[in-house]
Amino acid sequence: MIRLIKQAKPIRPPGHVVSGRKRLANLRYVYTLTAFVSLGAFLFGWDQGVMAMIIADDRWLKLMQPTNDWSVGFVISIYNIGCVIGAMTTGYFADACGRERTISLASTVFIVGALLQAGSYTIAQISTGRFVLGLGVGAYSAGVPLYISEISPAELRGRIVGIELMILCFGEMVVFWVVYAFYFLNSDDWWRLPLAIQIIPALILAVGCWTWVPPSPRWLVAEERYECALEVLSRLHGSEAAELEISEIRKTVSEEQVITQASWSDMFKRPVLRVTLLGVCIQMFQQITGTNGIFYYAPSLFKKGGITDPTMANLATGGVGVVLFLSSWIPIFYFERFGRKTWFQFGLIGMFSALIGICVLQQHAIDHPNSPANNAIVIFPYMFFTFFNMSWSSGSWAYAAEIFPISLRAKGNALCTASLWISNFVVAQVSPPIESATGYGLYVLFAIICVVAFFFVRFALVETRGQSLEEMAELFKIDESRKTQDIEDSVRQGLLQSTLRDEDATLVGDDSENIDS
């Protein structure tokens, strides 16, 4: 069965390429592949936001008749359990079938889950649909960053992962306004439409990843398909850089196959254990610092902050999507200018301040329920997501996808992603009852966790900015026998940096001409 799924056809140069002629880096191709496979991130973002207004709507509640807050929380959180399983199985399928075919299979599962959700009439039915759909989203969340990290040069990796984040946030923004538009339909079944239309991009992604998206060059090397890997690298990074990279990747893969056997048990043995703990913890903190505790239940947050009109609360929730999308552009252009640790710490300071602001404004709404000042509550969730998006939202995914050695990268990324989804499940399940029992005490708890995360980043995290994927084993001292990076790496880095500078200069020149005209 695996042989039927994975890509096995030879990958040869296009017909217009002259044999032996130098081929330049094609960063446009890198960006195009990134944008296409990030349809998985778009669907990830869509399903992060699609239920927020639905579960607060009286028509949905009348049909589904949840017994208590725990039932509503279960509809949201069972999706995360599916995501955990989907993320964990990605490690096996990504190694066995290839990264791009795994994304295609995930899209098929996603479509089945979307159909089950849209056709549901009970809590049990919609929960089943959410679980199946979560299997697909979990595979997206592990498979997409894994693939794009392996086709990206080190100098662009932060930017490339930032593009994936931007597309994810675009999905979150679009779904808010789509749901908001359908909300005004005079039908008790209005909510089925935003759950069903996501099938269209999932189908496009399934077909494209099966027929057009090339395999990861690092996966091809692991399959000992060296000529195919060289061709894919040449299309992406140019022929000269490809020659140097292919030898580096082959050397790294062969060394790591001696040092590690790429089994799950190796994830918990020294020296890889340290890398596992860092990746798992960084993804865990991404969730338990409050992002989805605010995101999933934003209408309720605004209501308890004094915005009692449901339409206005939903409108303010739609604003969250806009803020997420706009702030997602920041890491695309600036993430690689500073270290990972700097961004994480900066983000936590802003997130902590925003959480304290939410607590203050909710207390103000209790003391002064009819005060116009209560509308200021919208500032602090927007502030929270701005700081979160420029730091943790893209940073944790980039960090977890890049720190593992090649032979363990698929499994390591899957394990870290599972950590995120388990944390997401806990947050989604316990947030409604904690908020009902303590009010803004939930946000005090998130603020305390932000402080813990700050010290974790400052004293435990290892900086990885500017390191190639092949250098991670040396950085984390997984392979003590490896020597200092040789002159070939410097040559490759120089070629890629020169191409990047040329492209940025071209973009600036184009922008100047547009402004002058």
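Predicted model: local features only at pLDDT ≥ 70, side-chain atom pairs only at ≥ 80, totals over all residues.
A crossing of two helices is left-handed if the near helix is turned anticlockwise from the far one by less than a right angle.

**Stop 1: helices 20 and 21**

Select residues 340–367, which form helix 20, together with residues 379–402, which form helix 21. Helix 20 passes helix 21 in a left-handed crossing. Sorted by class, the residues in the contact of helix 20 with helix 21 are 18 nonpolar, seven polar and two charged. The packing angle of the pair is about 150°, and the axes lie 8 Å apart.

Helix 21 has 24 residues, and the distance from its first C-alpha to its last is 34 Å, close to the 34 Å expected at 1.5 Å a residue. Move along the helix to N389, where a kink of about 55° is centred. Most of helix 21 is covered, with 20 of its 24 residues buried.

**Stop 2: helix 22**

Go on to residues 406–438, the 33 residues of helix 22. From first C-alpha to last, helix 22 reaches 46 Å, close to the 48 Å expected at 1.5 Å a residue. Select S431 to find a kink of about 40°, shortly before the proline P432. Helix 22 is also mostly covered: 25 of its 33 residues are buried. After the helix comes G439, which has a positive phi, near 70°.

**Stop 3: helices 7 and 8**

Turn to residues 99–118 for helix 7 and residues 123–151 for helix 8. These two helices pack at an angle of about 160°, and their axes are 8 Å apart. An angle over 145 degrees counts as roughly antiparallel, and helix 7 and helix 8 are therefore roughly antiparallel to each other. Their crossing is left-handed. The contact of helix 7 with helix 8 involves 17 nonpolar, six polar and four charged residues.

Pick out V144, which sits in helix 8. V144 has a relative accessible area of 0% and is buried.

**Stop 4**

Select Q65, in the loop between helix 5 (58–64) and helix 6 (69–97). Q65 is not a glycine, although its phi is positive, about 50°. Its relative accessibility is 60%, and exposed means over 50%, so Q65 counts as exposed.

Next select E224, in the loop between helix 12 (217–222) and helix 13 (226–237). E224 has a positive phi too, about 65°, and is not a glycine. With a relative accessible area of 59%, E224 is exposed.

End at P271, in the loop between helix 14 (239–259) and helix 15 (272–288). Show the backbone here and look at the bond that joins R270 and P271: this is a cis peptide bond, with omega about 5°.

Notes:
Residues numbered from 1 in each chain as written. Heavy atoms only, no water. Axes fitted to C-alpha atoms, helices over the stretch in contact; angles between N-to-C directions. Helix = DSSP H or I, 4+ residues; strand = E, 2+ residues; numbered from the N terminus. Parallel < 35°, antiparallel > 145°, perpendicular 65-115°, else oblique. Nonpolar A, V, L, I, M, F, W, Y, C, P; charged D, E, K, R; others polar. Expected span 1.5 Å × (residues − 1). Bend = angle between axes of the 7 residues up to and from the residue. Buried < 20%, exposed > 50% of the residue type's maximum accessible area, 1.4 Å probe, protein only.
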